[in-house]
Amino acid sequence: MNLERLPNEEKLSLCRKYYLGGFAFLPFLWLVNVVWFFKEAFVKPDYTEQMQIKTYVKRSALGLLLWVTVLTTWITIFQRFRAEWGEVGDYLSFTIPLGIP
């Protein structure tokens, strides 16, 4: 998408939609929001909607960082302790590795 062609009001609306969409357990939308609107928020000359876009970009980055931290922690714990959890670990696994861990 070419953001240069959109008016500033549309940019703000799109940025807000991606920010709110991230709360639906879709952190990828926050990543897209940060990547697409970073220049609009922090590099471009000032315009009226820029402060709100900047707020949405910062909050999207914070939400994305939180999601990455939580998912990394869970994956690390699961990989480390799955075998010790016995049946519960097996029920949580998509594939069960063969052999002794």
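In which helix does Glu 40 lie? Glu 40 belongs to helix α2. Please keep in mind as you read that this is a predicted model.

## Starting from Glu 40 and Lys 11

Is Glu 40 buried or exposed? Its relative accessibility is 3%, and Glu 40 therefore counts as buried, the cut-off being under 20%. Leaving aside residues up to four places away in sequence, Glu 40 touches Leu 3, Glu 4, Lys 11, Tyr 47 and Gln 50. Glu 40 and Lys 54 are 14 residues apart in sequence, and their C-alpha atoms are 8.0 Å apart in space.

One of the residues touched by Glu 40 is Lys 11, which lies in helix α1. Lys 11 counts as buried, with a relative accessibility of 6%. With residues up to four places away in sequence again left out, Lys 11 touches Leu 3, Leu 6, Phe 37, Glu 40, Tyr 47 and Ile 53.

## How the helices pack

Two packed helices are described by the angle between their axes and the distance between the axes.

| Helix pair | Angle between axes | Distance between axes | Handedness of crossing |
|---|---|---|---|
| α1 and α2 | about 155° | 8 Å | left-handed |
| α1 and α3 | roughly 20° | within 10 Å | left-handed |
| α2 and α3 | about 145° | 8 Å | left-handed |

Let us take α1 and α2 to begin with, which pack at an angle of about 155°. That angle makes α1 roughly antiparallel to α2. On the α1 side, the contact involves Lys 11, Leu 14, Cys 15, Tyr 18, Tyr 19 and Gly 21, and these meet Leu 29, Trp 30, Val 32, Asn 33, Trp 36, Phe 37 and Glu 40 in α2. By class, this contact has 9 nonpolar, 2 polar and 2 charged residues.

Next come α1 and helix α3, the latter spanning residues 50–81. Their axes cross at roughly 20°, and α1 and α3 are therefore roughly parallel to each other. Lys 11, Leu 12, Cys 15, Arg 16 and Tyr 19 make the contact from α1, while α3 contributes Gln 52, Ile 53, Tyr 56, Val 57, Arg 59 and Ser 60.

The remaining pair in the table is α2 with α3. Among the α2 residues in this contact are Pro 27, Trp 30, Leu 31, Phe 37 and Glu 40, and the α3 residues they meet include Gln 50, Ile 53, Tyr 56, Leu 64 and Trp 67. The contact of α2 with α3 has 13 nonpolar, 4 polar and 3 charged residues.

## A closer look at Tyr 56

Tyr 56 is found in helix α3. Is Tyr 56 buried or exposed? Tyr 56 is buried, with a relative accessible area of 14%. Apart from residues up to four places away in sequence, Tyr 56 touches Leu 12, Cys 15, Arg 16, Tyr 19 and Asn 33. Tyr 56 and Val 70 are 14 residues apart in sequence, with 21 Å between their C-alpha atoms.

Tyr 56 also takes part in a cluster, in which ring pairs link it with Tyr 19, Phe 23 and Trp 30.

## Aromatic pairs

How many aromatic pairs are there? The count comes to 9 aromatic pairs. In one of them, the rings of Tyr 18 and Trp 36 have their centres 5.5 Å apart and their planes at 80°, so this pair is edge-to-face. The pair links distant parts of the chain, with Tyr 18 in helix α1 (residues 8–21) and Trp 36 in helix α2 (residues 27–42), 18 residues apart. Tyr 18 is buried at a relative accessible area of 19%, whereas Trp 36 counts as partly exposed at 31% relative accessibility.

Phe 38 and Phe 42 form a tilted aromatic pair, with 5.0 Å from centre to centre and 45° between the planes. Both residues lie in helix α2, 4 residues apart, which is about one turn of the helix. Phe 38 is partly exposed, with a relative accessible area of 42%, and Phe 42 is partly exposed at 35%.

Definitions and conventions:
Residues are numbered from 1 along each chain as its sequence is written. This is a predicted model: local features need pLDDT of at least 70, side-chain atom pairs count only at pLDDT 80 or more; totals for chains, interfaces and linings use all residues. Side-chain values use heavy atoms; hydrogens and water are left out. Rings of Phe, Tyr and Trp (its six-membered ring) pair if their centres lie within 6.5 Å; planes under 30 degrees apart count as stacked, over 60 as edge-to-face and the rest as tilted. Helices (H or I, at least four residues) and strands (E, at least two) are DSSP runs, numbered from the N terminus. Buried means under 20% relative accessible area, exposed over 50%, partly exposed in between (1.4 Å probe, protein chains only). Axes are lines fitted to C-alpha atoms, for helices over the stretch in contact, and angles run from 0 to 180 degrees between N-to-C directions. Angles under 35 degrees count as roughly parallel, over 145 as roughly antiparallel, 65 to 115 as roughly perpendicular and the rest as oblique. A crossing is left-handed if the near helix is turned anticlockwise from the far one by less than a right angle, and right-handed if clockwise. Contact means heavy atoms within 4.5 Å. Ala, Val, Leu, Ile, Met, Phe, Trp, Tyr, Cys and Pro count as nonpolar, Asp, Glu, Lys and Arg as charged, and the others, Gly among them, as polar.
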